[in-house]
Amino acid sequence: MPFLIAILVIVLIIVIPSIKVVPQAKTYVIERLGSYYTTWKNGLHFKIPFVDTISNRVTLKEIVKDFAPQPVITKDNVTMQIDTVVYFQITDAKLYTYGVEYPISAIENLTATTLRNIIGELELDQTLTSRDIINTKMRAILDEATDPWGIKVNRVEVKNIIPPRDIQEAMEKQMRAERERREKILQAEGEKKSSVLIAEGEKESAILRAEAQKESQIKIAEGQAEALLKIKQAEADGIKLLKEAKADESVLRLKSYETLSKMADGQSTKIIVPAELQNIATFGTTLKEMMKDDKKNK
């Protein structure tokens with residue numbers, strides 16, 4: 001009885017560790033007697049004790065590796081430091097396990113050499129402004145090179161481009177000069193717009209003053225014309241009333257001479273009286289003296 005219990009305990013110690021559960025997004029590479037046997041995906045599995053072994057536990061999640069800055073030389077012989085970030089995913093656990101020794105280190109070295117080759121074909125200015133082109137070329141080259149390793153390169157990003165200190169200082173001076181140039185251009189454009197607005201305002205003001213003066217002169221002329229018209233109308237009405245009262249010719253002439261004197265407006269110092277008017281005045285004076293003598297005799 002104790003012997004059976006001992007055997008049972010030994011069996012449990014051997015069997016229980018052989019029961020494996022593979023979690024989600026994981027795969028296990030299984031070897032049997034030292035050779036590749038199968039790849040376990042997520043779920044419950046059992047391996048034969050002392051025969052099957054787990055060679056590698058591989059994650060299927062996307063892996064992000066930020067590699068250290070690498071010294072590169074541009075086409076115009078400028079040495080700079082560039083660091084990259086590679087996003088890759090393991091698609092074949094068997095190839096990843098047996099395809100290359102230390103796959104992460106292999107990807108890092110491959111990234112460095114590929115980056116040097118690409119940057120060597122570009123000048124400094126092109127390197128600083130062509131990140132998208134560099135990323136696209138590196139992703140295509142790395143994806144093709146790592147395909148036999150069971151690795152899929154999804155993205156490659158140039159994280160930092162660090163030129164030499166003297167180049168940085170020259171670039172900063174150039175940037176400051178460019179900012180100052182833009183500031184002066186904006187200031188000149190502002191002054192130009194301000195001058196244009198002031199000139200347009202003065203022009204509109206002059207036009208408005210001229211129009212106001214013109215309107216004023218028109219109103220004055222219209223007032224004078226209307227006044228003259230009313231004077232003439234009043235004179236015509238007066239002559240009409242005299243005619244309706246059957247005034248003789250001498251009265252009409254007297255009225256016309258009165259009108260003539262009014263037209264002189266008191267500015268003339270000498271008035272020429274026609275003979276007919278003198279006769280009328282003499283007749284009036286004689287008549288007045290006769291009336292005075294008659295009163296005295298009475």
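The model is predicted. An open sheet of three strands has the order E3-E2-E5, and the largest nonpolar core has 31 residues. Helix H3 gives the largest share of that core, six residues.

**The sheet E3-E2-E5**

- The three strands of this open sheet pair in antiparallel fashion, in the order E3-E2-E5.
- E3 and strand E5 (52-59) are the edge strands; each has a single partner strand, so one side of each is left without a neighbour in the sheet.
- On average, neighbouring strands of this sheet are turned by 25° against each other, direction ignored.
- Strand E2 (residues 26-32) and E5 run antiparallel and are joined by seven bridges.
- Within this pairing, Arg32 has Asp52 in E5 as its bridge partner.
- Strands of a sheet pair through backbone hydrogen bonds, in either a parallel or an antiparallel manner.

**Asn42, between E3 and E4**

- Asn42 lies in the loop that links strand E3 (35-40) and strand E4 (43-46).
- With a relative accessible area of 44%, Asn42 is partly exposed, because the range for that class runs between 20% and 50%.
- Beyond residues up to four places away in sequence, Asn42 touches Val22, Pro23, Gln24 and Lys26.
- One of these, Gln24, makes a polar contact with Asn42, side chain to side chain, at 3.2 Å.
- Lys20 is 22 residues from Asn42 along the chain, and their C-alpha atoms are separated by 9.9 Å.

- E7 and strand E8 (residues 79-90) run antiparallel, with four bridges between them.
- Pro71 stands opposite Gln81 of E8.
- Five residues lie between the strands of this hairpin, in which Asn77 takes a positive phi near 60°.
- In a regular strand, side chains alternate between the two faces of the sheet.

**Gln70 in E7**

- Gln70 belongs to strand E7 (residues 70-73).
- Its relative accessible area is 16%, so Gln70 counts as buried, the limit being under 20%.
- Apart from neighbours within four places in sequence, Gln70 is in contact with Met80, Gln81, Ile82, Glu108, Ala112 and Arg116.
- The side chains of Gln70 and Arg116 form a polar contact at 3.5 Å.

**Nonpolar cores**

- In the largest nonpolar core, of 31 residues, Ile82, Val86 and Ile134 have the most contacts inside it.
- At least two residues of this core come from each of E8, helix H2 (93-98), helix H3 (103-119), helix H5 (131-146) and strand E9 (151-162).
- H3 contributes six residues, the largest share.
- Val86 touches Ile63, Val64, Lys65, Phe67, Ile107, Thr111, Leu142, Val153, Arg155 and Val156, residues up to four places away in sequence not being counted.
- A second, separate core has five residues, among them Val22, Tyr28, Ile30 and Trp40.

**Helix H3**

- The 17 residues of H3 should span 24 Å at 1.5 Å a residue, which agrees with the 24 Å between its end C-alpha atoms.
- Buried residues of H3 are Pro103, Ala106, Ile107, Leu110, Thr111, Ala112, Thr114, Leu115, Ile118 and Ile119.
- An α-helix has 3.6 residues a turn, so residues three or four places apart point the same way.
- The buried residues of H3 pack against E7, E8, H2, helix H4 (124-129), H5 and E9.
- Ala106, in H3, is buried with a relative accessible area of 16%.
- Val100 and Trp149 are the residues that Ala106 touches, not counting residues up to four places away in sequence.
- Trp149 is 43 residues from Ala106 in sequence and 10.0 Å from it in space, C-alpha to C-alpha.

**Asp143 in H5**

- Asp143 is part of helix H5 and, at 15% relative accessibility, counts as buried.
- Leaving aside neighbours within four places in sequence, Asp143 is in contact with Ile151, Lys152 and Val153.
- A polar atom of the Asp143 side chain lies 3.2 Å from the backbone nitrogen of Val153.

Definitions and conventions. Residues are numbered from 1 along each chain as its sequence is written. This is a predicted model: local features need pLDDT of at least 70, side-chain atom pairs count only at pLDDT 80 or more; totals for chains, interfaces and linings use all residues. Side-chain values use heavy atoms; hydrogens and water are left out. Buried means under 20% relative accessible area, exposed over 50%, partly exposed in between (1.4 Å probe, protein chains only). Contact means heavy atoms within 4.5 Å. A polar contact is a pair of N or O atoms within 3.5 Å; within protein, one must be able to donate a hydrogen and the other to accept it, and residues adjacent in sequence count only if both atoms are side-chain atoms. Two strands pair if DSSP finds at least two bridges between them. Axes are lines fitted to C-alpha atoms, for helices over the stretch in contact, and angles run from 0 to 180 degrees between N-to-C directions. A nonpolar core is a set of buried Ala, Val, Leu, Ile, Met, Phe, Trp, Tyr and Cys residues joined through side-chain atoms within 4.5 Å. The expected span of a helix is 1.5 Å times one less than its number of residues.
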